[in-house]
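Please keep the sequence and the 3D view side by side as you read.

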Amino acid sequence: MAAAGSAPEARPDGREPLLGSAGVTADEEEEEESRDVVESQEHYKSRWRSIWIMYLTMFLSSVGFSIVIMSVWPYLQKIDPTADASFLGWIIASYSIGQMVASPLFGLWSNHRPRREPLVISTAISVAANCLYAYVHVPHGHNKYYMLTARALVGFGAGNVAVVRSYIAGATSLTERTSAMANTSACQAVGFILGPVFQTCFTLIGEEGVTWKFLCLQLNMYTTPVLFGALLGVINIILIFAIFREHRVDDMGRQYKSINSDGEGSDVLDQNTEGSIDHVAVVALNVLFFVILFVFAVFETIATPLTMDMYSWTRKEAVFYNGIILSVIGIESVIVFMVVKTLSKKTGERAILHAGLLIVLVGFFILLPWGKKLPNIQWQEIKNNSTPRTAPSEMLAPFWSLPELQLPSNHTAEPVGCPVTQSWCLNTPMIYLAQYISSDVLIGLGYPVCNVMSYTLYSKVLGPKPQGVYMGWLTASGSGARILGPVFVSQIYTHLGPRWAFSLICGVVVASLLLLEIVYKRLIAFSVRYGRMQEENC
């Protein structure tokens, strides 16, 4: 498999050997040369430079989501006292809603026009939205709606993930694609994980920070991260104009005779694109990808409230310590992506996906409460012999809209511990810190494996046909998972506790493993399905 940063040995005439054609006979090589499909060294370097720009775009898209995820609530409280906790759910979900709407649209756009257009427009939208987020404190009213708009637009700009994935799928051969998709997923996962790390670093600026009155701009721990993201977005746009070029090759690495400058629809496809896509496999992979993103969204969302409930951490401690944990998981993920690229050559993508789901299952199983020690109850001086009960009507409300228990007037410190409003706190054993960290390590191992393998299999099943719209739907399914994940946590964790929440997650992962077993033999590359390539060469 060709790696992103290494070129095959050049021929004396300066032309690169056919990508993915190792082991072909002299007659086959002569035939291919006569068809003028051999890739030049200049074309090869240009193609991989463009792919590296797509890696950067994917990373920035992920950072845009996660860089403020742990500071949205305190910033919202600061800029708009009228905002209640229920509005926080809409702000968090607005990013994924925007991305879910935009992904198929940008994917369709990229199928018929040069991909530079949707890439530049989407990135510019994200830059403008980040700047808007930094100024949401300026208006004298309705600040929470400005924040909601800003986050929705950041998500809309992140719809370019579909364009990135479709470009990489079309610009790589089957032998290159696992490596390229691993690198792409690595950039995406590291972006999701490093976003909170950046936020943790910017907390050193403090809540007040520095105010530039002539710009009406406050540089503090809430606004500096998004302005940093906007700066990276501007750099990304410059690189797209300066370096990015349209390239397209078929499953065997042969470039099409004209570089796609007018959109994918203008290319004349050869016989290798003939045949129908296996839509059963496509739907199954969409479902599996939904489950993978769903469980990781639950994991990300539950980290802060779970640690505050179980270990009596304050808000600041929860943000700081979870940021450290996520940074370690980020390093773990990078190592996993490097290993996966090599391991997939020996075992295949399907087996690795199966193993990744099993690891995620074990990770959530470990999170189930097993001991006898109960967590510290928040505000223990409140004496009440009755056990709080959750009314049926309250089950319909998310956890951020539950009525808050008020401290006596002589209390000024932040209350810590498991809130008494959550009735399960009084009878559910605590999750020990060793359990939590072990689960973090396992989920941090299984998630990147599942992510890259699902994307790789999906692109191979689709084959050499334009993938913009299909990648748009896959991205939309992942966005839907990020919307439903927090909702799931708000309903189950708050009212029934971690035992129910993580048991149901385990059930969902088991169901996905059964689905994978059912469609296992259908998850093969398009060219393999029609006998144009051998499976071991993919």
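Which residues have the most contacts inside the largest nonpolar core? In this predicted model, they are Met147, Ile168, Leu306, Phe364 and Phe502, and the core they belong to has 130 residues. Helix α10, which covers residues 279-311, gives this core its largest share, with 19 residues. As general background, nonpolar side chains in soluble globular proteins tend to be buried together.

Setting aside its neighbours within four places in sequence, phenylalanine 502 is in contact with Ile302, Leu306, Phe364, Leu367, Leu368 and Ile431. Two of these partners, Leu306 and Phe364, are also among the core residues with the most contacts.

Now zoom out to the whole chain. There are 16 helices and 2 strands, and 55% of the 538 residues count as buried. If you take the contacts between residues at least 6 apart in sequence, 82% of them join residues at least 24 apart.

Next, the cysteines. A disulfide is a covalent bond between the sulfur atoms of two cysteines. How many disulfides does a search of the whole structure find? The search finds 1, and this disulfide joins cysteine 418 to cysteine 425, with an S to S distance of 1.9 Å. The torsion about that S-S bond is about -55°, so the disulfide is left-handed. Cysteine 418 counts as buried because its relative accessibility is 0%, and cysteine 425 is likewise buried at 0%. Two further cysteines to look at are cysteine 450, buried with a relative accessible area of 1%, and cysteine 506, buried with 9%.

Finally, let's turn to the backbone. Most residues other than glycine have a negative phi. Histidine 142 is not a glycine, yet it has a positive phi of about 60°. You will find histidine 142 in the loop between α5 (116-134) and α6 (143-157). Serine 312 also has a positive phi, near 55°, and sits in the loop between α10 and α11 (315-347).

Are these two residues buried or exposed? Histidine 142 is exposed, because its relative accessible area of 58% is over the 50% cut-off. Serine 312, at 18% relative accessibility, falls under the 20% cut-off and therefore counts as buried.

Methods
Residues are numbered from 1 along each chain as its sequence is written. This is a predicted model: local features need pLDDT of at least 70, side-chain atom pairs count only at pLDDT 80 or more; totals for chains, interfaces and linings use all residues. Side-chain values use heavy atoms; hydrogens and water are left out. Helices (H or I, at least four residues) and strands (E, at least two) are DSSP runs, numbered from the N terminus. Buried means under 20% relative accessible area, exposed over 50%, partly exposed in between (1.4 Å probe, protein chains only). Contact means heavy atoms within 4.5 Å. A disulfide is a pair of cysteine sulfur atoms within 2.5 Å. A nonpolar core is a set of buried Ala, Val, Leu, Ile, Met, Phe, Trp, Tyr and Cys residues joined through side-chain atoms within 4.5 Å.
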